[in-house]
Amino acid sequence: MSTVELTKDNFDEIVSGNDFVLIDFWAEWCGPCKQFGPVFERSSDKNDDLVYAKVDTEAQPELAAAFQIQSIPTLMIVRENIAVFSQPGALPEEALEDVIGQARNLDMDEVRSSVEEAQQQEGQGGGE
């Protein structure tokens, strides 16, 4: 199997230890999740430089809650410890590859700068 199962025990190690992680939040009973699973697996075969991980929301409710997962499947992309993409719904193969390409092309210095700016604004506007 070319994907890693994420749990609350290994989450930090896997996400912090890798620069580019795709996370599929799913559950066994979810029809769209079953449709997206093979698409996710095929993509992992094409992009062997990336880490593909799955979170079973039934077995790992703490992780699902921590990321405020409201519906499944939800795909999240984490680059350099920053969630750069999160969207519910089963993506078709072409759309998944497009999203991966866009995430690969992000200027992470720019992303970090935007995140820092947003955090500063949040901190300043918190008392209003």
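Trainee: Is Glu 80 buried or exposed, or something in between?
Mentor: Glu 80 is partly exposed, as its relative accessible area is 28%. Buried means under 20% relative accessible area, exposed means over 50%, and partly exposed lies in between, with a 1.4 Å probe and protein chains only. Please keep in mind that this is a predicted model: local features need pLDDT of at least 70, side-chain atom pairs count only at pLDDT 80 or more, and totals for chains, interfaces and linings use all residues. Residues are numbered from 1 along each chain as its sequence is written, and side-chain values use heavy atoms, with hydrogens and water left out.

Trainee: Which side chain does Glu 80 meet in a salt bridge?
Mentor: Its partner is Arg 79, at 3.9 Å from N to O. A salt bridge is a side-chain nitrogen of Lys or Arg within 4 Å of a carboxyl oxygen of Asp or Glu. Arg 79 is buried, with a relative accessible area of 12%. Through shared partners, salt bridges join Arg 79, Glu 80, Asp 109 and Arg 112 into one network.

Trainee: How many salt bridges are there by this rule?
Mentor: The count comes to nine. Among them is the pair Lys 54 and Asp 24, at 2.8 Å from N to O. Lys 54 lies in strand β3 (residues 51–56) and Asp 24 in strand β2 (residues 20–26), so this pair ties together parts that are 30 residues apart in sequence. Helices (H or I, at least four residues) and strands (E, at least two) are DSSP runs, numbered from the N terminus.

Trainee: Are those two residues buried or exposed?
Mentor: Lys 54 is buried at 12% relative accessible area, and Asp 24 is buried at 0%. By contrast, Glu 28 and Lys 34 are exposed, and their side chains meet in a salt bridge at 4.0 Å, N to O.

Trainee: Changing topic, what is the strand order in the sheet?
Mentor: The open sheet of five strands runs β1-β3-β2-β4-β5, with mixed pairing. Two strands pair if DSSP finds at least two bridges between them. The edge strands, β1 (4–5) and β5 (82–88), each pair on one side only.

Trainee: In which sense do β2 and β3 pair?
Mentor: They pair in the parallel sense, over six bridges. Leu 22, for instance, has Tyr 52 in β3 as its bridge partner.
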